[in-house]
Amino acid sequence: MSRYCIIGTGRQGTAALFDIIKFANPTKILLIDSHQESLDNCINKIDNAINHDISIESYLVDLSNENQIVKLLKSYDIMLSSVPYFYNLELTKIAIKSKTSMVDLGGHTENVIKQLKYHQEAIDVGISIVPDCGMGPGMNITMALLAMEQLDDPRDVYIWDGGLPKNPKPPWNYSLFFNINGLTNEYDTNAYFIRKGKIAEIECFEDIENIYFDQVGDLEAAVTCGGLSTMPWTYKGVLNTLENKTLRYKGHWDEMKAYRQLGLFKNENIKLNDTKVNIREFYHHLLEKQITSDDKHDICFMRTLAKGIKDNKETSYQCDVVEEYDDKTGFMAMEKWTGWHASIVMQKMIDGTINKGAYPIEKALTGKVFYNEAIKRGYNIRIKEV
């Protein structure tokens, strides 16, 4: 029994809270956010989704107020940062000062690399720090490990994942289920894979391929950035191939390519009729309202494939899982996969499965440990030799 804190009570933080209440047996929970409406919505949703008698405290806090956050955290064992990625480095420093273990939703590899440099300081104060939890990076990496663990000597690993509206509406056939800044961040710059045993930098939207799922037929998979985070460097010299692609309905990638070629992803200011305009902010202003939907019925897909040697023979294992919106709890598939993966990592810190220090997700949580926890939560993970 431990004391949990969630900083950022939006969709993913609320889903993590649900899982903590249901599976972690917490003695006390602290919620921190900079918006009262978010705190109220989170608590109301939880009260409607699950019966509980857990003591939940909430505080309205400016995230720039380091001293106040440190003071609040000192009496808690672990926190989840489910705020935008650019807060996570400062929250890592706060975790060290307050001696509070930390999990976050990651999403920015350069940031994560800086966080991992606090490994020894985390050990010294007796805490664990694991960035990059959630759906991707996070669960996608853990599911890749699950496929790899079926082999004696994994050599080539492929990951496909994506969250989509179950009932797509043209012309976009896509709905925004998380902050639009995160979406553009995924679509901008380049990804890092392992190809022919070496780190390879691959431009976003390259190598488009069709991937079939029974529920929807063919989806289009393309390269996006950040999904593997630090995993290519961890497995450099171990794997011959490591790739991750994002799944979308057909036609999506052609549209995004056109927007990028037009320059709409650029995070820079231009002068337009004597007015200074940030290009990316203007693009977000136009696009966000087009792809924001009240229909919460989403569907998430994930497939990992590992090729290698088992019992001295070339063998391949594929792991598939699909998740949908839950009418009973009101949680979307993406909320569950993001919040619950983070919650599982938190609980494995508390029970001692994850050691003290700062670790990338691929070193913190094995596929087998995740699989056992996922089955408790009703995940339908299919593992098969192919």
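1. Are Arg-303 and Asp-320 buried or exposed? Both Arg-303 and Asp-320 are buried. Keep in mind that this is a predicted model. The two residues form a salt bridge, and their closest N and O atoms are 2.9 Å apart. The bridge links distant parts of the chain. Arg-303 sits in strand S15 (residues 298–310) and Asp-320 in strand S16 (residues 313–324), 17 residues apart.

2. Now take the salt bridges as a set. The structure holds 21 of them. One joins Glu-335 to Lys-45, with the closest N and O atoms 3.6 Å apart. This pair, too, links distant parts of the chain. Glu-335 belongs to helix H12 (residues 333–350), Lys-45 belongs to helix H2 (residues 36–49), and 290 residues separate them.

3. Check the burial of that pair. Glu-335 has a relative accessible area of 4%, so it is buried. Lys-45 has a relative accessibility of 21%, so it counts as partly exposed. The cut-off for buried is under 20%.

4. Look next at Arg-377 and Glu-373. They form a salt bridge, with 2.9 Å between the closest N and O atoms. Arg-377 is buried, and Glu-373 is buried as well. Both belong to a network of salt bridges that share partners. The network also takes in Asp-19, Lys-348, Asp-351 and Lys-376.

5. Turn to the nonpolar cores. The largest has 103 residues. Met-143, Met-231, Val-345, Phe-370 and Tyr-379 have the most contacts inside it. Helix H12 gives the most to this core, with 9 residues. Another core lies apart from it and has 26 residues, among them Ile-7, Val-61, Leu-63 and Ile-129.

6. What does Met-143 touch, leaving aside its neighbours within four places in sequence? Met-143 is in contact with Met-302, Thr-304, Cys-319, Val-321, Phe-370 and Ile-381. Phe-370 is also among the residues with the most contacts inside the largest core.

7. Helix H7 (residues 139–148) packs on helix H14 (residues 367–376). Their axes are 8 Å apart, and the angle is about 110 degrees. H7 is therefore roughly perpendicular to H14. The crossing is left-handed. On the H7 side, Met-139, Thr-142, Met-143, Leu-145 and Leu-146 make the contact.

8. Compare a second pair. The axes of helix H3 (residues 66–73) and helix H4 (residues 88–98) come within 9 Å. They cross at roughly 45 degrees. H3 and H4 are therefore oblique to each other. Their crossing is right-handed. H3 supplies Glu-66, Ile-69, Val-70 and Leu-73 to the contact. H4 supplies Glu-90, Ile-94, Lys-97 and Ser-98.

9. How many of the 11 residues of H4 are buried? The count is 8, so H4 is largely enclosed by the rest of the structure. The buried residues are Asn-88, Leu-89, Leu-91, Thr-92, Ile-94, Ala-95, Ile-96 and Ser-98. Ile-94 and Ser-98 also take part in the contact with H3.

10. One last point concerns what follows H4. Lys-99 comes after H4, and its phi is positive, near 60 degrees.

Key. Residues are numbered from 1 along each chain as its sequence is written. This is a predicted model: local features need pLDDT of at least 70, side-chain atom pairs count only at pLDDT 80 or more; totals for chains, interfaces and linings use all residues. Side-chain values use heavy atoms; hydrogens and water are left out. A salt bridge is a side-chain nitrogen of Lys or Arg within 4 Å of a carboxyl oxygen of Asp or Glu. Helices (H or I, at least four residues) and strands (E, at least two) are DSSP runs, numbered from the N terminus. Buried means under 20% relative accessible area, exposed over 50%, partly exposed in between (1.4 Å probe, protein chains only). A nonpolar core is a set of buried Ala, Val, Leu, Ile, Met, Phe, Trp, Tyr and Cys residues joined through side-chain atoms within 4.5 Å. Contact means heavy atoms within 4.5 Å. Axes are lines fitted to C-alpha atoms, for helices over the stretch in contact, and angles run from 0 to 180 degrees between N-to-C directions. Angles under 35 degrees count as roughly parallel, over 145 as roughly antiparallel, 65 to 115 as roughly perpendicular and the rest as oblique. A crossing is left-handed if the near helix is turned anticlockwise from the far one by less than a right angle, and right-handed if clockwise.
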